[in-house]
Amino acid sequence: MPKVLAAFAHPDDMELLCAGTLRLLVEAGWEMCCLTLSGGDRANLPWTREEIRRVRLREAQNGAAVLGGKAHWAGLDDIGIFYCREQLEIVVEAVRRFSPDLILTHSPDCYTLDHEETSRLARMAAFACKNYHFETRSPAMKHGPHLYYTDASEGKDKYGHPVRADFWIDVTPVFALRQKALACHESQCGGKPTPENIRMFQEMNERRARRQGEYCGVDYAEGFRQNLAHNYPQDDILGAVLSGFVKRPGEAGNL
Ligand SMILES: [Zn+2]
């Protein structure tokens with residue numbers, strides 16, 4: 001069974017960026033694991049960091065389960081993700097243990113350094129996981145996974161400039177599941193999971209996916225760029241597996 005690893009900084013990032021694509025991969029027979037690097041423990045909530053982490057990791061499990069996958073915590077802290085040897089070893093070991101064919105991670109340009117550093121860690125881990133002189137508990141992989149970057153949060157970088165995808169996945173058929181998975185993150189609903197607050201959280205999710213959809217002529221979409229640097233897999237595995245859902249710039253109906 002092919003495997004996809006969604007490596008993101010915080011417990012709800014996956015739902016806000018690529019949950020539809022992950023669901024489509026699950027429906028295509030893929031095994032999915034969401035690796036949340038931090039436990040989201042510094043969210044502005046009136047509990048201890050341990051309590052917040054416990055709640056948010058449970059929410060991450062529930063959200064991944066809605067999509068047919070599982071979630072795993074890398075053991076790092078919120079506002080505590082850095083590209084360094086120690087954290088790279090943690091991410092490389094997580095990659096080796098799951099041994100994915102495909103990794104989805106944050107855009108290299110995003111609004112918070114937790115996201116950007118996660119992107120750097122995932123990028124290097126996708127390379128270092130097959131280097132047997134970079135030792136972790138698990139053995140080196142024979143082949144490195146394909147690596148793709150999702151949209152930036154709200155589709156823009158720190159200058160406010162749009163970060164445009166190279167292609168999009170039309171997630172309209174599964175968007176209701178992306179919303180259902182997001183609703184698992186009750187602690188992020190304005191501090192109180194009232195129906196009104198959950199609806200507002202889902203409306204934000206909808207605005208983001210709808211904007212990407214406007215770029216490619218569908219209701220809801222998720223954008224991606226593949227890491228095609230030297231020594232990374234060059235074939236477009238994501239586009240090939242989900243070919244029936246791929247939208248590319250310049251196609252009829254696209255901007
Ligand atoms: Zn985040």
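**Figure 1. The whole chain.** Helices are DSSP runs of H or I with at least four residues, strands are DSSP runs of E with at least two, and both are numbered from the N terminus. Counted that way, the protein chain has 8 helices and 8 strands. This is a predicted model, where local features need pLDDT of at least 70 and side-chain atom pairs count only at pLDDT 80 or more, while totals for chains, interfaces and linings use all residues. Residue numbers start from 1 along each chain, as its sequence is written. The C-alpha trace spans about 50 × 50 × 40 Å along its principal axes. A compact globule of 255 residues would have a radius of gyration near 18 Å, so the 17 Å of this chain agrees. (That radius is taken over C-alpha atoms, and the globule rule is 2.2 Å times the number of residues to the power 0.38.)

Figure 2. Follow the order β3-β2-β1-β4-β5-β7-β6-β8 and you've walked across an open sheet of 8 strands with mixed pairing. The edges belong to β3 (70-76) and β8 (246-247), each with a single partner strand, so one side of each has no neighbour in the sheet. To count as paired, two strands need at least two bridges between them in DSSP. In general, strands of a sheet pair through backbone hydrogen bonds, in either the parallel or the antiparallel sense.

**Figure 3. Strand pairs up close.** The parallel example here is β1 (residues 3-8) with β4 (residues 102-105), joined over 4 bridges. Within that pair, look for Ala6 opposite Leu104 of β4. Strand β7 pairs in the antiparallel sense with β5 (residues 146-150) over 3 bridges, and Tyr148 has Gln226 in β7 as its bridge partner. Antiparallel pairing also joins β7 to β6, this time over 4 bridges.

Figure 4. Helix α4 (residues 85-98) lies across β1, β2 (31-38) and β3, running at about 160° to β3. Helix α7 (residues 195-216) packs on the sheet too, touching β6 (167-170), β7 (221-226) and β8, with its direction at about 70° to that of β7. For these angles, axes are lines fitted to C-alpha atoms (for helices, over the stretch in contact), and values run from 0 to 180 degrees between N-to-C directions. Contact means that the C-beta atoms of two residues, placed from the backbone, lie within 7 Å.

**Figure 5. Where α4 meets α5.** The axes of α4 and helix α5 (residues 113-128) come within 9 Å and cross at roughly 60°. That makes the two helices oblique. Angles under 35 degrees count as roughly parallel, over 145 as roughly antiparallel, 65 to 115 as roughly perpendicular, and the rest as oblique. A crossing is right-handed if the near helix is turned clockwise from the far one by less than a right angle, and left-handed if anticlockwise. The crossing of α4 and α5 is right-handed. Gln87, Leu88, Val91, Val92 and Val95 of α4 make the contact with Leu121, Ala122, Met124, Ala125, Ala126 and Ala128 of α5. Sorted by class, that's 10 nonpolar, 1 polar and no charged residues. (Nonpolar covers Ala, Val, Leu, Ile, Met, Phe, Trp, Tyr, Cys and Pro; charged covers Asp, Glu, Lys and Arg; the others, Gly among them, are polar.)

**Figure 6. Where α3 meets α6.** Helices α3 (residues 49-67) and α6 (residues 175-182) pack at about 165°, with axes 8 Å apart. They are therefore roughly antiparallel, and α3 passes α6 in a right-handed crossing. The contact brings together Gly63, Val66 and Leu67 of α3 and Leu177, Lys180, Ala181 and Leu182 of α6. Its residues split into 5 nonpolar, 1 polar and 1 charged.

**Figure 7. Where α6 meets α7.** Here the packing angle is about 140° and the axes are 10 Å apart. Helices α6 and α7 are therefore oblique to each other, and their crossing is right-handed. From α6 come Phe175, Arg178, Gln179 and Leu182, and from α7 come Phe201, Gln202, Asn205 and Ala209. The class tally for this contact is 4 nonpolar, 3 polar and 1 charged.
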